[in-house]
Amino acid sequence: MVENYGICLETNGFGEIFDITDKVEESVKKSGITNGMVNVFVPGSTGGITTIEYEPGLRKDMPELLEKLIPSNKPYEHDKTWGDGNGFSHLRAALIGPSLTAPVAAGTVRHGTWQQIVFMDFDNRARSRELIITVMGE
Amino acid sequence: MVENYGICLETNGFGEIFDITDKVEESVKKSGITNGMVNVFVPGSTGGITTIEYEPGLRKDMPELLEKLIPSNKPYEHDKTWGDGNGFSHLRAALIGPSLTAPVAAGTVRHGTWQQIVFMDFDNRARSRELIITVMGE
Amino acid sequence: MVENYGICLETNGFGEIFDITDKVEESVKKSGITNGMVNVFVPGSTGGITTIEYEPGLRKDMPELLEKLIPSNKPYEHDKTWGDGNGFSHLRAALIGPSLTAPVAAGTVRHGTWQQIVFMDFDNRARSRELIITVMGE
């Protein structure tokens, strides 16, 4: 069995982190699938999906780390192609990755207690995002 | 068809790398599924799953790289929240990611000869871990 | 239903980026599966799979970023094990990851318009690669 859902988010960009765990859980519940996998995917090249403990400290540490690894104030070749100045956003997204697949068992997502499924918006402007949730199993 | 298994590990943390390829293969064999996908997931926010050639050199290079990118001796905002001093562990885990999905064909995991499925424990203390293996297919 | 396909590539290494979106789409079409997931996997430890906007600027920015994060001209312990001098290739591959899972709906892969599925070859020599595509669903 396969069921698809969308998660809509209004984002501000610049590394903003969204805890989407509850919405992923809701999708699994709605699907009626009790055993299988759930995939979360961002159909766009300036956002990433991973897990993190969603608490105020790490919500500052993570953007600071990415600013150190992939500075936003450095010129990138991408910026010459489009002039939109978000080369750093694309590179951060390619590094973190657009997709997460997690186990579903006994009707719930088997994440850790202090581990949340998060979407990170790396773009340099506000956007309307729709993430795609796919639940597959039996 | 969907089958779930657990892999139990006693870990020391600090970037220790575990080759879990054989245990993933065993789960696939036990499931009887010959064609599909296998997902490996760590239900916790201070460990990561990826693949690497599991040999002594890279087992030193990988922790050294992560120490360079995300130093353990730097103060993080996370450490102010909980006082457990493992902000660096959380950041490394979010970067590497908690999940890997690999193909199953002819009853085996289709990884490369020199490519092992590994769990990396980034925490700053010993732990008992249980990884979740989900085999789905036919 | 599960269907497997291979994508063959002749690669030059050193961070070369291949847009494999069309080949992944073709596999999905061939499978006849209209709703589910598609997994792309590299069975080897010196290549990575992610998504990026495949345009000339980022095709220079991405290798430059990885050269900064994981320099190729630095000695690694791995190089002492095998003497093949590609320690940096293995580390880049472990960081980006060997696998991507994306949603399939209405018979197509639900990636963004400016988001391509890419294979990055990090090795330090030309190779013949076969990537594995697994389409699962109904």
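Trainee: Before we start, what should I know about the numbering and the model?
Mentor: Residues are numbered from 1 along each chain as its sequence is written, and chains are lettered from A and ligands numbered from 1 in the order in which they are written. The model is predicted, so local features need pLDDT of at least 70 and side-chain atom pairs count only at pLDDT 80 or more, while totals for chains, interfaces and linings use all residues.

Trainee: Okay, α1 of chain A. Which residues are buried there?
Mentor: In α1(A), residues 21-31, the buried ones are A:Lys23, A:Val24, A:Ser27, A:Val28 and A:Ser31. Buried means 20 or more other C-beta atoms within 10 Å of the residue's own, exposed means 12 or fewer, and partly exposed is in between, with C-beta atoms placed from the backbone. Helices here are DSSP runs of H or I with at least four residues, strands are runs of E with at least two, and both are numbered from the N terminus.

Trainee: Where do those buried residues sit around α1(A)?
Mentor: They fall within an arc of 145° seen down the axis, so they line one face of the helix. The arc is taken over the directions from the helix axis to the C-beta atoms. The face turned away from the buried side carries the exposed A:Asp22 and A:Lys30.

Trainee: And what comes just after α1(A)?
Mentor: A:Gly32, with a positive phi of about 75°.

Trainee: Switching to α2 of chain A. What covers its buried residues?
Mentor: The cover includes β2 (16-19), β4 (47-52) and α4 (87-96) of chain A, together with α3 (77-82) and α4 (87-96) of chain B. The buried residues themselves are A:Leu58, A:Arg59, A:Asp61, A:Met62, A:Leu65 and A:Leu66. On the face turned away from them are the exposed A:Pro56 and A:Lys68.

Trainee: Now the chain B and chain C contact. How many residues does each chain give?
Mentor: Chain B gives 30 residues and chain C gives 25. Two residues are in contact if their C-beta atoms, placed from the backbone, lie within 7 Å.

Trainee: Which element supplies the largest share on the chain B side?
Mentor: That is α2(B), with eight residues.
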